[in-house]
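Subject: Structure handover

Hello,

Here is the structure I said I would pass on. My notes on it follow below.

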Amino acid sequence: MEKPEFLAYVVIFLLALLFYILRREKREPKHRAKLPPGSLGWPYIGETLQLYSQDPNVFFAAKQKRYGEIFKTHILGCPCVMLASPEAARFVLVTQAHLFKPTYPKSKERLMGPSALFFHQGDYHNRLRKLVQGSLSPEAIRNLVADIEALAVSALDSWAGGCVINTFHEMKKFSFEVGILAIFGRLEAHYREELKKNYCIVDRGYNSFPTNIPGTPYKKALSARKRLSKILSELIGERKEKRLADKDLLGSLLNSKDEKGETLTNDQIADNIIGVLFAAQDTTASVMTWILKYLHDDPKLLEAVKAEQKAINKSNEEGNRPLTWSQTRNMPVTHKVILESLRMASIISFTFREAVADVEFKGYLIPKGWKVMPLFRNIHHDPKFFPDPQKFDPSRFEVAPKPNTFVPFGNGVHACPGNELAKLEMLIMTHHLVTKFRWEVVGFQSGIQYGPFPVPVNGLPARLWKQSTT
Ligand code: HEM
């Protein structure tokens, strides 16, 4: 073959090859996507040790600094993609939520109950969510103001007198009582006590090592969970007999029928009740603990909150008349303190989902089966959206945050249905705290503890005193 002829063949061959590659790429764009940057660490253990040997927020922040807003890692035996931008979190939780299913360790699912709405997608989740959302909507919870107020006053009175309290533990008791109120309305004392006693054992076992060995916290928690089901079954039986159309969560769950006329089973009802109690307690209690700390650390801010709440107290004849729903909707200074506490503490630092198919986001591949973690805390602490993010500054909420940058209650189909109730109890608690009490944080330790939500070290030991109203 002559040389020019040979060259022509080579050029034709190369052009054909190029054409083939381009067509294939066009047909199968997914193959172009590459995994996000980052490190998968050691075989099996991945980067779990790095994550747990330091403040998890420092781990995530350092990764973001090094790799950007989307990066991969490997923790707790799972390859993960972390997402630290508002668009990425929205992509996973809102616009493409069907491609990412909720995922929890089986050991946690066993304790909470497999029919709790967190673990589900689709029709069953929609049905349960509507019921839970309805019973926690502003229209429903506005009727709870007086009862929540009574619980707040009684809790605060029990703390006063100068003894050191563990603020977080005490706030947990309060948020538990509010949860019970939202679920059952006014519940007989013996049921309340039995639920509290057994729920505490479940709570203690929730973050312990899952094993069936008798005597371990996890095994005790499983037994307590069985007793809870029994108590709830009795309660459900009693309610069914009374045939009341109660508006509380138990009433809504009992009265619900699907399109085939089927009611929920006792187990489905019990799992969702335990699930709501679980979602309601530590979350709200940690934020309230942070509020106490932030107000304590900033006397000028505390004065501003006091001025707002004292004016309301005065208009209620020095507290002789109860707080009203509309007063709780008009506490702008206190409300901004709550929002800033939610941002600053970001007690739910991130959430987990699992990709149900290969998904491409911004040219990166999220492989099927990988965990996906939208990092709420990184978004809340990004100076692009919240300048000087380490500064506690409620005035930043005078202007609404940019869309999807402030998501303390999550976003999309699984966003928190209890957010209005959580804010309401925080407002009521703060009203009574600042108008009638003074408090002092005990000890000089600063720092954060994870249990698993972040709280000030040792649960913020504090002393409270009732102030004279004259
Ligand atoms: C300050 C307090 C609270 C915070 C920061 C908070 C935060 C959250 C977040 C971020 C989610 C979404 C998790 C995800 O997408 O994976 C969520 C879900 C949920 N929260 Fe809350 N929550 C709080 C209080 C409450 C309260 C008081 C209740 C009920 C009385 C509640 C009930 C729920 C439920 C049932 C879900 C699951 C919703 C679903 O899967 O559809 N939460 N919460």
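In the protein chain, residues 24 or more positions apart account for 73% of the contacts with a separation of 6 or more; two residues are in contact if their C-beta atoms, placed from the backbone, lie within 7 Å. This is a predicted model, in which local features need pLDDT of at least 70 and side-chain atom pairs count only at pLDDT 80 or more, while totals for chains, interfaces and linings use all residues. Residues are numbered from 1 along each chain as its sequence is written.

Overall, the protein chain has 18 helices and 12 strands (DSSP runs numbered from the N terminus: H or I of at least four residues for helices, E of at least two for strands). Its C-alpha trace spans about 110 × 55 × 45 Å along the principal axes. Of its 470 residues, 37% count as buried, meaning that 20 or more other C-beta atoms lie within 10 Å of the residue's own, against 12 or fewer for exposed and in between for partly exposed.

The largest nonpolar core has 78 residues (a core is a set of buried Ala, Val, Leu, Ile, Met, Phe, Trp, Tyr and Cys residues joined through C-beta atoms within 7 Å). Helix α13 (residues 266–297) gives the largest share of this core, 16 residues. The members that touch the most others are Ile 148, Ala 182, Ile 183, Ile 273 and Ile 291. A second, separate core of 28 residues includes Val 81, Met 82, Ala 84 and Phe 350.

Ile 273 touches Ile 183, Leu 232 and Leu 250, leaving aside residues up to four places away in sequence. Ile 273 and Leu 232 also belong to the meeting of α13 with α11, where Leu 228, Ser 229, Ser 233 and Ile 236 of α11 and Asn 266, Ile 269, Ala 270 and Ile 274 of α13 take part as well. By class, this contact has 7 nonpolar, 3 polar and no charged residues (Ala, Val, Leu, Ile, Met, Phe, Trp, Tyr, Cys and Pro count as nonpolar, Asp, Glu, Lys and Arg as charged, the others, Gly among them, as polar). The axes of α11 (residues 217–242) and α13 come within 10 Å and cross at roughly 115 degrees, the axes being lines fitted to C-alpha atoms over the stretch in contact, with angles from 0 to 180 degrees between N-to-C directions. The two helices, α11 and α13, are therefore roughly perpendicular (65 to 115 degrees; under 35 is roughly parallel, over 145 roughly antiparallel, the rest oblique).

Regards
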